[in-house]
Amino acid sequence: MALRRWALLAVLGTGLTACTDAPPGPETSAVVKEWTRVASPKSVDKDFRVNPCETLTEAERRDLGLPSPPVTSAQADPAGCTWRDQDSGTAVLVELDPLSLAQRYDREPGSAGVSVVKVAGYPAVRAQEGGDGRGCEFRIGVSATEALHVAFSAPKAVPDACGSAQRVAEAVIGKLPAGS
């Protein structure tokens, strides 16, 4: 599972010609590309950054097919949480992306398996892992300066990996308070 996740991260991070190697800074963070514009920003500063694993309730996790207790990311930065189903081995990681969409991508991505979509009305980049349906990742802009990274993985093919990741992302975004 870790190897697949790293491979998919490579597609999202370095495999795209649309990515930027520029470190975050005033010259990259001030540029807002139209496709990355967030109409109703959310804030991650309070609840998610402090207690990301408390974002979804037990009932919400069960409804999403993630009944096992969440696991907080080992690193405090970026804040994140993994929800998994111990029986099936499926897992969803939700963490803060250290870069906004505008900082991460020089231009709108368009590689094979990678597309620009909306998640809960927010701009996002979706990358599906291979053709076997075992994984899918999203980078979702929730404000002009912050994004969420959502990664779904499974040990075997599932009917809708991207749909599963998107449902978790929508549930988490729905819990974030309004930002500025």
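I began with strands, because two strands pair if DSSP finds at least two bridges between them. Helices (H or I, at least four residues) and strands (E, at least two) are DSSP runs, numbered from the N terminus.

**Entry 1: ground rules.** The model is predicted, so I noted that local features need pLDDT of at least 70 and side-chain atom pairs count only at pLDDT 80 or more, while totals for chains, interfaces and linings use all residues. Residues are numbered from 1 along each chain as its sequence is written, and side-chain values use heavy atoms, with hydrogens and water left out.

**Entry 2: strand S6.** I looked up the neighbours of S6. Strand S5 (residues 122-129) runs antiparallel to S6, and six bridges join them. I found Val125 with Arg139 in S6 as its bridge partner. With strand S7 (residues 147-153), S6 is joined by seven bridges, again antiparallel. Here Cys136 stands opposite Phe152 in S7. I also noted that S6 and S7 form a hairpin, with five residues between them.

Next I checked how covered S6 is. Buried means under 20% relative accessible area, exposed means over 50%, and partly exposed lies in between (1.4 Å probe, protein chains only). On that scale seven of the seven residues of S6 are buried. I listed them by face: Gly135, Glu137, Arg139 and Gly141 lie on one side, with Cys136, Phe138 and Ile140 on the other, and both faces are covered.

**Entry 3: disulfides.** How many disulfides does the count come to? I used the rule that a disulfide is a pair of cysteine sulfur atoms within 2.5 Å. The count comes to two disulfides.

I took the pair of Cys136 and Cys162 while S6 was still in view. Their sulfur atoms are 2.0 Å apart. The torsion about the S-S bond of Cys136 and Cys162 is about 95°, so this disulfide is right-handed. The pair links distant parts of the chain, with Cys136 in strand S6 (residues 135-141) and Cys162 in helix H6 (residues 161-175), 26 residues apart. Cys136 is buried at 0% relative accessibility, and Cys162 is buried at 8%.

The other pair is Cys53 and Cys81, with sulfur atoms 2.1 Å apart. I read 110° about the S-S bond of Cys53 and Cys81, and the link is right-handed. Cys53 lies in the loop between helix H3 (47-50) and helix H4 (58-63), and Cys81 lies in strand S2 (residues 80-84), so the pair ties together parts that are 28 residues apart in sequence. Both ends are covered: Cys53 is buried with a relative accessible area of 11%, and Cys81 is buried with 0%.

With bonded cysteines counted along the chain, I wrote the pattern down as 1-2, 3-4.

**Entry 4: helix H6.** I went on to the helix that holds Cys162. H6 has 15 residues and reaches 22 Å from its first C-alpha to its last. The expected span of a helix is 1.5 Å times one less than its number of residues, and the value for H6 is close to the 21 Å expected. I noted the buried residues of H6 as Ala161, Cys162, Gly163, Ala165, Val168, Ala169, Val172 and Ile173. An α-helix has 3.6 residues a turn, so residues three or four places apart point the same way.

**Entry 5: aromatic rings.** Rings of Phe, Tyr and Trp (its six-membered ring) pair if their centres lie within 6.5 Å; planes under 30 degrees apart count as stacked, over 60 as edge-to-face and the rest as tilted. By this rule I have one aromatic pair. The ring centres of Trp35 and Tyr105 are 6.0 Å apart and their planes stand at 55°, so the pair is tilted. Trp35 is in the loop between helix H2 (26-29) and H3, and Tyr105 is in the loop between helix H5 (101-104) and strand S4 (114-119), 70 residues apart. Trp35 is buried, with a relative accessible area of 14%. Tyr105 is buried as well, with 0%.

**Entry 6: two single residues.** I looked up Gln103, which is in helix H5. Gln103 is buried, with a relative accessible area of 8%. Its side chain reaches the backbone nitrogen of Ser100 at 2.8 Å.

Is Asp47 buried or exposed? Asp47 is in helix H3, and at 55% relative accessibility Asp47 counts as exposed. I also noted that Asp47 and Leu176 are 129 residues apart in sequence and 7.7 Å apart in space, C-alpha to C-alpha.

Methods:
A polar contact is a pair of N or O atoms within 3.5 Å; within protein, one must be able to donate a hydrogen and the other to accept it, and residues adjacent in sequence count only if both atoms are side-chain atoms.
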